[in-house]
Amino acid sequence: MMEEKIEQYLRDERGVASDVVRRRLREKVMKYDDIAEEFGRWLEKREYESGVEVEGYTAQGIYELAPQLDGIGVFNFLVTLRDDPEGAKEMIREGFVVR
């Protein structure tokens, strides 16, 4: 059920045409149950909660720092923070500049 909602969001709302890219985005956001559950609530309400905190950051906090990120981007960044805290904090310090 959750996978279908994420798939629909990525395909229909975000316009992600590639099956491979949609699968990777979906798998990443579902890596950790707490982050996946909060993303599921975001999909329903379109409001960031301050439930899950990773390295001192919440989804709302990430969105405030990087409003250019969409929902999947915010929650997948929480996964990045958990997997690679130092690399993610460097990205934050650099203002989320993509290289």
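I take helices (H or I, at least four residues) and strands (E, at least two) as DSSP runs, numbered from the N terminus. With that in place, I place threonine 58 in the loop between α3 and α4.

**Entry 1. Basis.** I am working with a predicted model, in which local features need pLDDT of at least 70 and side-chain atom pairs count only at pLDDT 80 or more, while totals for chains, interfaces and linings use all residues. I number residues from 1 along each chain as its sequence is written, and side-chain values use heavy atoms, with hydrogens and water left out.

**Entry 2. Overall fold.** I find six helices and zero strands in the chain. Read from the N terminus, the order is α-α-α-α-α-α. The radius of gyration is 13 Å, close to the 13 Å of the globule rule for 99 residues, so the chain is as compact as a globular protein of that length. The radius is taken over C-alpha atoms, and the rule is 2.2 Å times the number of residues to the power 0.38. Along the principal axes, the C-alpha atoms fill a box of roughly 35 × 30 × 20 Å.

Entry 3. Of the 99 residues, 37% are buried; buried means under 20% relative accessible area, exposed over 50%, and partly exposed in between (1.4 Å probe, protein chains only). Among contacts (heavy atoms within 4.5 Å) with a separation of 6 or more, 53% join residues 24 or more positions apart. The chain carries 16 positive and 23 negative charges, whose mean positions are 4 Å apart. Lys and Arg count as positive and Asp and Glu as negative; His and the chain ends are not counted. Each charge is placed at NZ of Lys, CZ of Arg, CG of Asp or CD of Glu.

**Entry 4. Helix α2.** Which residues of helix α2 (residues 19-29) are buried? I note Arg22, Arg26 and Val29. Seen down the axis of α2, the buried residues fall within an arc of 70°, so they line one face of the helix. The arc is that of the directions from the helix axis to the C-beta atoms. An α-helix has 3.6 residues a turn, so residues three or four places apart point the same way. The cover over the buried residues of α2 includes α1 (2-13), α3 and α5 (71-83).

**Entry 5. The loop between α3 and α4.** I returned to threonine 58, which is buried at a relative accessible area of 14%. Leaving out residues up to four places away in sequence, threonine 58 touches Glu49, Ser50, Val52, Glu53 and Leu78. Valine 52 also lies in this loop and is buried, at 8% relative accessibility. With the same exclusion, valine 52 touches Asp34, Ile35, Glu38, Tyr57, Thr58, Ala59 and Arg82. Valine 52 and alanine 36 stand 16 residues apart in sequence and 10 Å apart in space, C-alpha to C-alpha.

**Entry 6. Positive phi.** Most residues other than glycine have a negative phi. Arginine 46, not a glycine, has a positive phi of about 60°; arginine 46 sits in the loop between α3 (33-45) and α4 (59-65) and is partly exposed, with a relative accessible area of 38%. Glutamate 55 has a positive phi near 55°. Glutamate 55 belongs to the loop between α3 and α4 and is partly exposed at 41%.
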